[in-house]
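Q: Hi, could you walk me through this one? I'd like to look at the fold and then a few details.
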Amino acid sequence: MDTRNVLLNRVPNNWRNRTIPIIAAAAIFGLLAGTNAWALPDNGQGPLPPIGGGGLDPGGPTLPPGVDPCNPPQLPPGIWVPSFAHGRLRETCGGVLRPVANQPVKVILHTQYQGIPCNGGPIPAAVFNDTEVASGQTDTNGAFDIEFDETLSPFDTNDFRVTTKVRIVAYDDSGVVPIWQTAYYGDNGTQVFDVFEDVNYCLTEGTRIRVVSPNGTGAFDAEVFVDGVLYPQRTNASGFITINPPLAAGSEIVARAMVGESKSDRSKHNQGSSQNWKYRAYVTSLPLEYDANGDNADFTPMEVTDPNGAYELRLNRDASYIGLHLVGSIEWDASPSELSSFETKMRRASRYMFNATDGQMLIERVDVFDDRNTWDEADFRVYADASLRANVDWPSDGFWRSHDLCCWRSSHMNISRSNDHPVYDHEFGHYGFRLGDEYEDNGGDHCAAGVGGSIPEFDAGGDKASCMMFYQWDYTKICSHHSDNPHQGGTSQGSEDCWSAIKRQFTAEAPGPNGVPRWHIRTPDDRGVIVGRLPGIPVSDWEAQVVTHDFNNGDLCQPVQFQWANNNQFAAGARVFSRDSRGRMIIQGTTDATGVIKPFQDNVTTVAGLHVGDTIGAMWYRYGNNGYSQFFRSRTFSEDDCMSAMVVLAVVPGQAPPAPQKFFVDGESLSFPLAAQIEPGATIGDVVVRVRAGDELDGAPIVRVSIDREDDPRDVAMEFDAATGEWVGDVHGLPDQCFVNAEVQGADADGRKANIISQATLTGAVDDEDSEIASADGAVRLSIPEGAFAEPTQIVIGGSIAPLPDDFPGQIVVGPIGVTTNGAEPALAAVLSFPLRFDSEAALLEQLDPTMLIVLAFDETTGLWNEIDATYHSGKLAVDAQVAKFGAFVLLDRGAVPASGQQGDDSSPADASGTPDNRAPDSPVAPAADCGTGVFGSSMAMASPLMLVLAGVRRRRCRNVIA
């Protein structure tokens, strides 16, 4: 007798999954008549001629002499043969072997019919069938002995080869709910089937659960969660699982089955799978519940009342959800405490998305690498620049393919370390949902009818406020066309509501066999109601799994807070940077009026990723009635500087990390003006670094560029251009869409030195598609319409060396910003946009009059700065200007007077009570008297109320940006 140990979730329920030897049977249904002949009982028709054979040779089944396979003898319409199934069933429960006692069982007869080829044709396909033929019950020892009649009706005359086996199914006490099934047993040529099986499950004791698929069959390999925690084993082939020791009364159980895993085109996305994947689709037994108005949204898991009872969890396609997989890369060498904080942020982002999508999407797994590992493959890049305004490259196909189909461009979510979790969800709206921003335009259009309306639940902060692509902190739901709060056109999203776009994209892969969707996405239009705020993710193990991959950490210090000052006054608008031992530069942010880094959000004011031996520095300048002053200062970060902020790699659980150390650094004014500009080279992938100095340099300046997609900086050979009086150097073979930092050091004939930093965004090939490019902190965006360039064109946005006058009619807010190409000017006008960083227009109006903001463009022919047409958009808090020609631009607040004696200025304090310049629009502004004075290649940030800083630019090709 064959006694086997079989795992339930390994028992096949179809012989098509097994290797089946097809033999020439010597008996049919257990009656042996001879070695090479079959005989059937005499049913009044007399004995049949002998048939049989010696097995299947390479040519197929054979017949004895005299038998024609094309004209087989007629067989009776039905055959009944007495047979027996007996054996014993035992379970291994808690390490103890005991009988499956006094349980109802049924006998399932499995038959395989193999036809014979006619006239040398192909072997016919085998036919399989499972039939319930008898029932009975085990005794106290788990034994059973059941007699039954094997039957087949009708018996096709071509079925000369028959294989029979049986399996035993055990049921609960009611005899209705199956709890276990055996493997198949049986030997051809006998009517006695021996079934002796041990199973390592607890069957007769424990909580028995059956998971049923949406089509009503048992769900194989389904997961069961008990009180939010995944049970280690999965369901067997019939959907059963038994939990022992039995669950406590009151336990909540939920089932889930994965019905799809979507392949990712990006590498480094194979964590937890055999392939790179971007999302998984699940059907669950936990539908979202709500009342007729969409209120009181909740989930009700099944509750265990009888610990030894049996329960059925039915999977529901209307209870589907999508689990996203994201890979992120952090620019700096992050400390353990920073990584821990990031984990918390990702889990909150998942909960936000779960509520926004009515429980149909969450972040399942995040793999994050620090120190710029997996930078190119990442879905999101976290920059150290705390002043960065988050953005997404456009065209935004990064989640769906590794590069776009046109110019091999990739896209990413570009995030600041200061951004909070709703920003990640908003940016994924661009990156993964392919949604546009839904700010109102100049005509007053905005995302949904309820914005600013009289119904609180649809307006800011309401439980049904839409849309997160408008203002993600106050509008946390996704807009639809539902009549209670319908989507409105006129924004970047266009006429299609966000929910429809999401459903269309995430159900494209849903159809399964026969076109039946494997999962559903339900919009408010599908539900007939807008659902209110959800209570949270109902199963704790569905929370985001965040896996951090920590690199380096050698001599790493905790984040350190710096203050930058000049002449004992704090320096506002200083661009702070660090440089590691390899020479790679990281921009850390821009200082506020107290000299501390000013974050875009989340009160992040530190310098991150500093090691002993790194360089820390900053550059800034001031513009006042007495002209410009430039400042630069750097120093090496010592072991003493680290002090108690030194990272402890094995932190005691519960121990708070050391407090950030404050470090005060004084600045010094540059000995002479120095500026640099990065512009496109003749070939896509090449750039030119151009350096201009107020005094003649004593030899070539030292120029080193750091590229965000390369580990090591490059030294740039500089040559003097007598025609322009500038030093010029070429950099070749830069990667597509990269961010470039150029650090320049020059010395004059007296040995005085000056240092500056210039930054730029280098795009890939911009073709005839519409594109959008953003600065590093999102303070400037360039929207290029479709058809603007007939040939692929490379664009660089960065600091400009265009000369500034000694006295502008107001205060510089942003600029000068340079937009240059390696080819022709655009055939169609582009839009240069200056987003203003305020939470509301009311806050903006408290500090300045937006109508006093103007945009100036530099005319290289006349050397004048001229005002160009610009419009303030109250809905998106931005100033937009149509530009038909690229060059240098500034955003100016002509309602502010540039007073001397500003913080950090070397000049003495002066009365700042002057009146605004009332120069008429479009009137030219005189150029600087000396083009070598006040020329600045790095980004500018004046001490205006806005404190907008264009410290450099990072590419963003997205008509849907903004955090």
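This is a predicted model: local features need pLDDT of at least 70, side-chain atom pairs count only at pLDDT 80 or more; totals for chains, interfaces and linings use all residues.

Q: Thanks! How many helices and strands does the protein have?
A: It comes to 6 helices and 54 strands. Here helices (H or I, at least four residues) and strands (E, at least two) are DSSP runs, numbered from the N terminus.

Q: Where do helix 1 and helix 2 meet?
A: From helix 1, F342, K345, M346, R348, A349, Y352 and M353 meet H421, P422, Y424, D425 and F428 of helix 2. By class, that contact has 8 nonpolar, 1 polar and 3 charged residues. Nonpolar covers Ala, Val, Leu, Ile, Met, Phe, Trp, Tyr, Cys and Pro; charged covers Asp, Glu, Lys and Arg; the others, Gly among them, are polar.

Q: And at what angle do the axes of helix 1 and helix 2 cross?
A: Roughly 55°, with the axes of helix 1 (residues 336-356) and helix 2 (residues 421-431) coming within 8 Å. That makes helix 1 oblique to helix 2. Axes are lines fitted to C-alpha atoms, for helices over the stretch in contact, and angles run from 0 to 180 degrees between N-to-C directions. Under 35 degrees counts as roughly parallel, over 145 as roughly antiparallel, 65 to 115 as roughly perpendicular, and the rest as oblique.

Q: New topic: is strand 50 buried or exposed?
A: Mostly covered: 6 of the 7 residues in strand 50 (residues 853-859) are buried. Buried means under 20% relative accessible area, exposed over 50%, partly exposed in between (1.4 Å probe, protein chains only).

Q: Which strands flank strand 50 as partners?
A: Strand 50 pairs antiparallel with strand 54 (residues 888-893) over 5 bridges, and 5 bridges also join strand 50 to strand 51 (residues 864-868), again antiparallel. Two strands pair if DSSP finds at least two bridges between them. V855 has L891 in strand 54 as bridge partner, while A857 has N866 in strand 51.

Q: What sits between strand 50 and strand 51?
A: A turn of 4 residues, as the two strands form a hairpin; G863 in that turn has a positive phi of about 75°.

Methods
Residues are numbered from 1 along each chain as its sequence is written. Side-chain values use heavy atoms; hydrogens and water are left out. Contact means heavy atoms within 4.5 Å.
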